[in-house]
Amino acid sequence: MTDLRHYDVIVSPVITEKSTMASENNQVVFNVARKATKPQIKAAIEALFGVKVTGVNTLVRKGKVKRFRGSIGTLSDVKKAVITLKDGDSIDVATGL
């Protein structure tokens, strides 16, 4: 049985040209919670998708300043995790959870 806290750690998959290229190297990219740690991310991916994770790299993309109708606003920071999977394992991000 999966722990419901795992769903709070993984926010969404990242589907971009760069993340699609990374999938050829057994890597998948996810947006994760800002306070999530690497061991929490690893445990969540292994529990939700039933795969073996060999590495987790994280990065925080700082929010940009954007204008809308003359007023200035700031986009929120986003934490991403690049998950490296064991050879032979794969995650199809198009299907969802």
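Residues are numbered from 1 along each chain as its sequence is written, and side-chain values use heavy atoms, with hydrogens and water left out. Because the model is predicted, local features need pLDDT of at least 70 and side-chain atom pairs count only at pLDDT 80 or more, whereas totals for chains, interfaces and linings use all residues.

The chain contains three helices and six strands, where helices (H or I, at least four residues) and strands (E, at least two) are DSSP runs numbered from the N terminus. Followed along the sequence, these elements give the pattern α-β-α-β-α-β-β-β-β. The C-alpha trace spans about 50 × 30 × 25 Å along its principal axes. Taking a contact to mean heavy atoms within 4.5 Å, 58% of the contacts between residues at least 6 apart in sequence join residues at least 24 apart.

Of the 97 residues, 28% count as buried, a class that means under 20% relative accessible area, with exposed over 50% and partly exposed in between (1.4 Å probe, protein chains only). The chain exposes about 6800 Å², of which carbon and sulfur atoms supply 53%; these areas come from the Shrake-Rupley method with a 1.4 Å probe, and for residues only the protein chains shown count as cover. There are 16 positive and 9 negative side chains, and the centres of the two sets lie 13 Å apart. In that count Lys and Arg are positive and Asp and Glu negative, while His and the chain ends are not counted, and the place of a charge is NZ of Lys, CZ of Arg, CG of Asp or CD of Glu.

The largest nonpolar core has 17 residues, and those with the most contacts inside it are Ile10, Phe30, Ile41, Ile45, Ile83, Leu85 and Ile91. Such a core is a set of buried Ala, Val, Leu, Ile, Met, Phe, Trp, Tyr and Cys residues joined through side-chain atoms within 4.5 Å. Strand 2 (27–32), helix 3 (38–49), strand 3 (53–61) and strand 6 (78–85) each supply at least two of its residues, and helix 3 gives the most, with four. Isoleucine 41 is in contact with Val9, Val32, Ala36, Val56, Thr58, Ala81 and Ile83, once its neighbours within four places in sequence are left aside.

Lysine 42 also belongs to helix 3, but it counts as partly exposed because its relative accessibility is 32%. Beyond residues up to four places away in sequence, lysine 42 touches Lys52, Val53 and Val56; the C-alpha atoms of lysine 42 and lysine 52, 10 residues apart in sequence, are 8.8 Å apart in space.

In strand 2 lies asparagine 31, which counts as buried because its relative accessibility is 18%. With residues up to four places away again not counted, asparagine 31 touches Val9, Ile10, Val11, Ser12, Val14, Val78, Lys79 and Lys80. Asparagine 26 is placed in the loop between helix 2 (17–22) and strand 2, and its phi is near 60°, a positive value in a residue other than glycine.

Strand 4 (residues 65–68) and strand 5 (residues 71–74) run antiparallel and are joined by four bridges, two strands being paired if DSSP finds at least two bridges between them. Phenylalanine 68 has serine 71 in strand 5 as its bridge partner. The two strands form a hairpin with two residues between them, and arginine 69 in the turn has a positive phi of about 55°. Arginine 69 counts as exposed because its relative accessible area is 79%.
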